[in-house]
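Here's a quick briefing to read with the model open beside you.

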Amino acid sequence: MDKKKFSSYGIQDKMLLLTGYTLLGLFVLAIVIPVIYIIVASFIDPVTLQNKGITFDFSKWTLTAYERVATNAQIWIGFKNAVVYSIVFTVVSVGITLLCAYPMSRVDFRGRKFFNVIFMITMFFGGGLVPTYLLIGNLGLLDSMWAVILPGAFSVWNMTIARTYYRGIPAELREAADVDGADELVYYFKILLPVCTPIIAVLALWQFVAMWNSYFDAMIYLNSSAKQPLQLVLRAILIQSKPEPGMVSDIQSTAQRAQLAELLKYATIIISSLPLLVMYPFFQKYFDSGIMAGSVKG
Amino acid sequence: MMSNSTSVSAGKQDSKTREFHNSLVYVKQHWQLYVIFLLPALALTLIFKYIPMGGILIAFQEYNPFKGILKSKWVGFSYFQRFLSSPDFLSYLANTLKLSVFGLLWGFPVPVILAFLLNRIQSKGIKKKIQLALYLPNFISVIVLCGIVKIFLSVTGPINLLLGSQINFMTMPGAWRTIYIASGIWQGAGWGSIMYTAALANASQDLKEAAYLDGANILQQIKVVEWPAIKDIVVIQFILQAGNIMSIGFEKAYALQTDLNLASSEIISTYVYKQGLISGNFSFSTAVGLFNTVINVILLLSVNKIVAKMNEGQGL
């Protein structure tokens, strides 16, 4: 369709477009302004920030917050743990999910309907918090990384998506492999998986981001501070307003310490959010195709 | 007659054993499918999903961790009665339902509207930039989002600086739901619009041209071209979200709770957590959780049925 000039619209259409675009513009501003505010505020001297808010008088700007956050050990421990948990979780979860989806995608697979029911039930019904917690305790997994990783590693929803994807692969590929006498494993790893990279990338990204952003399981299962992932460290600083002791302990006055704690929040937000935000443009095309995979039913 | 029916049932018997034999042969030939491909997922499911389902029994016991499930005393439905008859019950249930129903009613249309608006933008460059901004909040974590909300709404925060007031929003039960839902839209609406935008881009070119040539106005174009292109996805998304009404997330609600806004922020999932893992009332907490799950299953099935009726017999 050719581009249409605004003046060529009817009066009703003009009103509609104006209202719509105004709302859209307000929405965009509601996102952009807070983001800019946080970035700028993270550089402002704590006293000025509390009394006047942000300022573009650069004599009031300081790197203090970044120095204090970046030199704090707990933040880096949190980062390291988050990276480890997210990578291990992604590998385990996507691996198991992709494997399971293969027999479930095959029409000839005996027991498919039975297993499907077993899996589907868990999407609607579950034991709930306490029974799961007691199980983790009985398995001796409390305060272990695996308590955070294993219970949610197999995702029925992702399995259905992978299964749908497998089914879209032309049957000729498989027939060709059968002629060659390739067994299941060879066919699966050498022929099927290589043509499934888009869906593998999508599932991996979903799982990585989900683990990176979660805090509940870590909060209930991991007690030692050496095992805490980033989000738990952030929770103490941002939600409970309890900055890591080393960040503010050199300040004597309570009021000043509170002001500093407030400032540290801004720098913490920037430092902790940067990795995913930087990663995002590189993976955008996968995310987009993943959204489509999630919108069709399995 | 008699002999005929016996021979039929014998035939059935026969075909059943043959079927069973065939299955055995199949499993033997394809053992890899079961052991290598299926088993890891099946094992995780049985251990981490089905064993806890058995653990639900403690909701009907006075569970004592030292005695275990086998030796704890059975108390029937008394924990359910205690919960259902407590004055808190209605308030937690209402908080949960209001939060998710209002969240759905306010939040669901926004991505659809955003997609319609984005679809009307003719300059590709501007559209890309707007989308970049709209998607951005999706990439911050729940904790960071709640941290931002708390900073902006704090007594000394920018909103109060702007208004010249000293309102502590986070301690107002009346403001809590609005904060939760609005911040959810702020974070998720842009990202939620992607699939609608993609579906709109795939709308039939012929229809578009025809509508254009007929001089249809925008509302008519939406009705004839754009709405049909996304209707199916909208319906599916609505079912999925409506079905999750009782399983509204713990993480964000808990992160936005303060002692003073509990009157509206205490929902069933946060209550289950506090009762179970903080106060150690294992049985009571499990009973409350089970109650929640059962309602959720009923909701899911009913929503699916309603949609199936509206959608000419096609549910999920």
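Predicted model: local features only at pLDDT ≥ 70, side-chain atom pairs only at ≥ 80, totals over all residues.

Residues are numbered from 1 along each chain as its sequence is written, chains are lettered from A and ligands numbered from 1 in the order in which they are written, and side-chain values use heavy atoms, with hydrogens and water left out.

**Where the chains meet**

- Chain A puts 93 residues into the contact and chain B puts in 92 (contact means heavy atoms within 4.5 Å).
- About 8600 Å² is buried between chain A and chain B, with carbon and sulfur atoms giving 76% of that (buried area is the accessible area, 1.4 Å probe, that two parts lose on being put together, summed over both).
- The rule finds one salt bridge across this interface (a side-chain nitrogen of Lys or Arg within 4 Å of a carboxyl oxygen of Asp or Glu).
- B:Glu19 and A:Arg110 form a salt bridge, with their closest N and O atoms 3.3 Å apart.
- On the side of chain A that touches chain B, you'll find 61 nonpolar, 17 polar and 15 charged residues (Ala, Val, Leu, Ile, Met, Phe, Trp, Tyr, Cys and Pro count as nonpolar, Asp, Glu, Lys and Arg as charged, and the others, Gly among them, as polar).

**Nonpolar cores**

- The largest nonpolar core has 152 residues, and those with the most contacts inside it include A:Phe119, A:Tyr188 and B:Leu134 (a core is a set of buried Ala, Val, Leu, Ile, Met, Phe, Trp, Tyr and Cys residues joined through side-chain atoms within 4.5 Å).
- Helix α4 (residues 73-105) of chain A gives the most to this core, 13 residues (helices are DSSP runs of H or I, at least four residues, and strands runs of E, at least two, numbered from the N terminus).
- Skipping neighbours within four places in sequence, A:Tyr188 is in contact with residues including A:Leu98, A:Tyr166 and B:Phe37.
- Another core lies apart from the largest one and has 20 residues, among them A:Leu17 and B:Phe108.

**Two loop residues in chain B**

- B:Phe77 sits in the loop between β2 (73-74) and α4 (78-85) of chain B.
- B:Phe77 counts as exposed because its relative accessibility is 55% (buried is under 20% relative accessible area, exposed over 50%, partly exposed in between, with a 1.4 Å probe and protein chains only).
- B:Ser165 is in the loop between α9 (158-163) and α10 (173-192) of chain B.
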